[in-house]
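Subject: Structure handover

Hello,

Here is the structure for your files.

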Amino acid sequence: MLEKTLSKKKQKLSFEDFRTEVLNDYKIAKISRECSLLGRREVLTGKAKFGIFGDGKEVPQLAMAKAFKIGDFRSGYYRDQTFMMAIGELTAQQFFAGLYAHTNIEADPMSAGRQMGGHFATHSLNEDGSWKDLTKQYNSSSDISPTAGQMPRLLGLAQASKIYRNEKSVQHKTHFSNNGNEVAWGTIGNASTSEGLFFETINAAGVLQVPMVMSVWDDEYGISVHAKHQTTKESISEILKGFQREHKKEGYEIIVVNGWDYVQLVDVYNKASKIAREQHVPVLIHVKELTQPQGHSTSGSHERYKSKTRLNWEKEYDCIDKMRQWILDFELETESGEKLRFVESEEEILLLEKDAKREVRSAKRNAWNKYLGEIKSELSQCAQILEKASNKSNNGTFIKKIQKDLLAIIEPNRKDVLTAARKSLRYLKDESFAEKILLQNFIKKSLNEAKEKYSSTLISENNLSPLAVNEKSPTYSDTKNLVDARIIMKNNFDAILSKYPEVIIFGEDAGFIGDVNQGLEGLQEKYGDIRVSDTGIREATIIGQGIGLAMRGLRPIAEIQYLDYLLYALQIMSDDLATLRYRTYGKQKAPLIIRTRGHRLEGIWHAGSPMGGIINNIRGIHVLVPRNMTKAAGFYNTLLEGDDPALVIECLNGYRLKEELPINLGEFKTPIGVVETVKEGKDITVVSYGSTLKIVQEVAKELIQVDIDIEIIDAQSLLPFDLNHDCVKSLSKTNKLLVIDEDVPGGASAYILQEILEKQNGYIYLDSKPATLTSKEHRPAYGTDGDYFSKPSAEDIFEKIYEIISESNPLKYKSLY
C-alpha cells in the first residue's frame, strides 16, 4: 500500500491511517497483556478462583481480528482475549468482571459470572428469546473449557454458510447470512490438536469443504508437556500435509507463520479469509514460535518445566516485544525523500504503554468495586436486621457475635451473608417477633434471587419454550388405514420438510437410502442432498454440525444411528449443547433435535438403553422416549415450534409394527413433560416407557386372569418428567408403585422413583415398599436368550407385580415360589 505511487497528500493520509492502526493494535496488545498479568495477581491474592490467560498470543490475534468480518463466527478457546478486545467485544473492565464472577450480565456479558474468565461469547438473542440480526454483528459462540470441545461446533457454524449460499429454500433468511459469505474462525492450542475431536472435525470439514479458518496457537507445550510428547514430528502442519488441496483434489489450504511477525500475520490472515470466504475452502493456519510468559494457568509456574534456554528464548521472542521493536525500527522513504515513521522516539511508545497500564488498573478497580458493592449492600441490609433481632432475642449475644464477624469481613461473598443470616435464624426458632419475620423474608428473598443468578435459563423460559406447546391429537380418516409405523415417520418428516425450509436432516445412512429403517425413504430425492444428507461415521461432529447450524438459525435434525452410538457424542452433548443456554445466561441457543433409536436391542454393544448415564449428563436437553412412531412424530412437530434442544429415542422394534396413519401429518403434537395413562387400574401403578411398555401392556392382560388390575403409565418424557404430577394422582388410588426400565439398576428407574416419591411426595400414599424392575447390572448378552435373561421379560414383570400384590394379600395371592 505504502509503496504505490500516490500523490503526496494521499500518501501521507494513507500512512497516517496505517500508523494509527498499528499503534492502536499495539495498545490493545499491551492492554491485553496487562490484564493477564494483573489477572494472575488477582487469583493469587484470592479475589478470583482460577485463571487462564492469553498472554503470548496477542499479535496473531490482532491479525485474525483484522480479517474477521461482521457476520462471521468464532469458535475458540480460553486464550482469545486479545482477539475479543480487538473486535470491540471485550473491555478490560468486562475481563475483570468475568474473573470475579460478577453475576450481572451487564457487568460480565460473556456469562454473568457462570464461567471462569476467558470464555467469550456475544449475544445472539433479544430479551424475548428471538434472534438478533446476526449479519450485523460480530459473533462469538460461547467457549467451553474441555480441550478441543470447540471443534465440532465450529464445523456446523462453517457449514451453515455453505447451506445459506447453496440452498435456495433458506436464502430469504437474510438476518442469518449474507449469501453464505461468513467465515467460521476456530482457535486451539497446539497440544489440544492431539484430541480426537480435532482430527474428526478437520476431516469432516475437508470432506464438506466449508468456509472455516482454523488457527493453531503453538507455544510448544501442553500444560507442562512438550510437543514431542504430543504430536508426531512435533508439528501439526507437518502431519496434516496430506490434507493440502491439490489440482482437482479438494482439501485444505495449509499455511505456517511465525506468531511474532505482525506484518506476515496480517497478510496470512487476509489471504486465509479471502480463500475461505470466496471459495468455501477450509484453511489451517499453524501459528508457530509463540510463548506463554506466565505458564499454563495460575495453578503453577512454567519455570518448573522449561529450561533456562527456553525461558530466555521466550523473552527474546515475546510477540509484543517483537512488535514493539518493529514499530521502533520502521522507516519508509517516499519518492520525495521524506521518511515516514510510526514514532519519532521511544518516548511515544512509553507514553502509550503507561496509558494502557493506567487504563487496565482503572478497569480492574472499577470492576472490583461494582462486584463488591452489590454484595456489601446485601451485607449491610443483613447486618441491620441481625442488629434488630439480637436486641429482641434471648439469644442476642450469639446473634451479635455472628453480626460482628460478618461486618469484619473486608471482602465478603454472598455465601458469607447467607451463612450468617441462616445460622442466626436457628437462635430464633423458639421466638416470635417482627424482626424474626424480617430475617426470614431476607433469607427467602436472597435464595430466590440466587435461583435467578445461579440456576436460571437451563432451558427456554420464554414463550418459545416447547413446554408451552399444547397437545394436538392425531386425526384419522373414517376408513382405518394401518401401515408400517415407519411410513408415519417418513410421511411426517415429509410434511416437516415442506413446512419448515430451515429444517436440515443428516446422519449416517440418513440420505441416499433414507436411514436404516427407511424413516426418510425418498426424501433426499425430493428435497435435495443439502436438506437430507449422509455423513461419515463420526458421531461427535454430527452433533457438532447440529449445534453450529442451530446457532445460525437453521433447524437441524441430527441422526445418530443407534442409541449406544450416542456415547461417542455424549461429551459434546453434555459439555456444549446442554449448557449453552445456561452458560450464556440465555443469550445464545441451539435448538438442535437429535434423532436416534434404541430399546430392547440384543448384544453388549447394542444394548439400547444407557438411559441413566444419558439423563444425568445432559440436563438442559429434553429427553423424549415415545412408545410408538405416532408419538415420536408428534414430538418432532412439538419441538419445531419451540427453541430447546432435544433427544428423541425411537423404538427400534417399532418400525415394522402396524399403526394407523394420521391425516394431520406435521400438525399433531405430543406434549413434552406429560405422562400418559395408557391403561387404568386399581391395584398398582406401573410406570415404564419405550419398548418395555409394550411388554407391560401384554402382561396386564395375563394379570387380569389372576384378578390383578394394574394401572399403566407411559413416561414418554424423561427430561422433564411428569410436570402435571399425574403419577402421584395414580398412586393416591393404587397405593403401590413399580417402575420398570431396561436400563441398569440405579439408572433411569431410580431417577423416576425419586421424581415420584420425593418431588411429587408420592411416599405418603404408599402401603408397600416401592419397587423397580430393571435389566441386570451387565450389558445384555447376544441373541434372543441374551435379551430374555438380561432384561425384564414378560415373566419377570408378571412375577414382580404378583409378588408386590401378594405381600399385601398373601391369603388370596399365594407365593409362586
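This is a predicted model: local features need pLDDT of at least 70, side-chain atom pairs count only at pLDDT 80 or more; totals for chains, interfaces and linings use all residues.

Residues are numbered from 1 along each chain as its sequence is written, and side-chain values use heavy atoms, with hydrogens and water left out.

Aromatic pairs

The structure holds 32 aromatic pairs. Rings of Phe, Tyr and Trp (its six-membered ring) pair if their centres lie within 6.5 Å; planes under 30 degrees apart count as stacked, over 60 as edge-to-face and the rest as tilted. Phenylalanine 15 and phenylalanine 330 are stacked because their ring centres are 6.2 Å apart and their planes are at 15 degrees. This pair links distant parts of the chain, 315 residues apart: phenylalanine 15 is in helix α1 (residues 8-44), and phenylalanine 330 is in the loop between α10 (319-329) and β9 (332-333). Helices (H or I, at least four residues) and strands (E, at least two) are DSSP runs, numbered from the N terminus.

Phenylalanine 15 is buried at 4% relative accessible area, and phenylalanine 330 counts as buried at 15%. Buried means under 20% relative accessible area, exposed over 50%, partly exposed in between (1.4 Å probe, protein chains only). Phenylalanine 15 also forms a stacked pair with phenylalanine 342, at 5.8 Å centre to centre and 10 degrees between the planes. Phenylalanine 342 lies in the loop between β10 (339-340) and α11 (346-392), 327 residues from phenylalanine 15, and is buried too. Ring pairs join Phe15, Phe18, Tyr262, Trp326, Phe330 and Phe342 into a cluster.

Cysteines

With a disulfide defined as a pair of cysteine sulfur atoms within 2.5 Å, the count is zero. For cysteine 35, the closest cysteine sulfur is in cysteine 319, 15 Å away and too far for a bond. Cysteine 35 is buried, at 0% relative accessible area, and cysteine 382 is buried at 0% as well.

Annotated domain

The UniProt annotation "domain: Transketolase-like pyrimidine-binding" (unreviewed entry) covers residues 483-657. UniProt positions are given in the numbering used here, feature names are shortened, and annotations may be inferred rather than shown by experiment. The span is 36% helix and 17% strand, and its end C-alpha atoms lie 8 Å apart.

Surface

Tyrosine 763 lies in the loop between α24 (748-759) and β24 (771-773).

Regards
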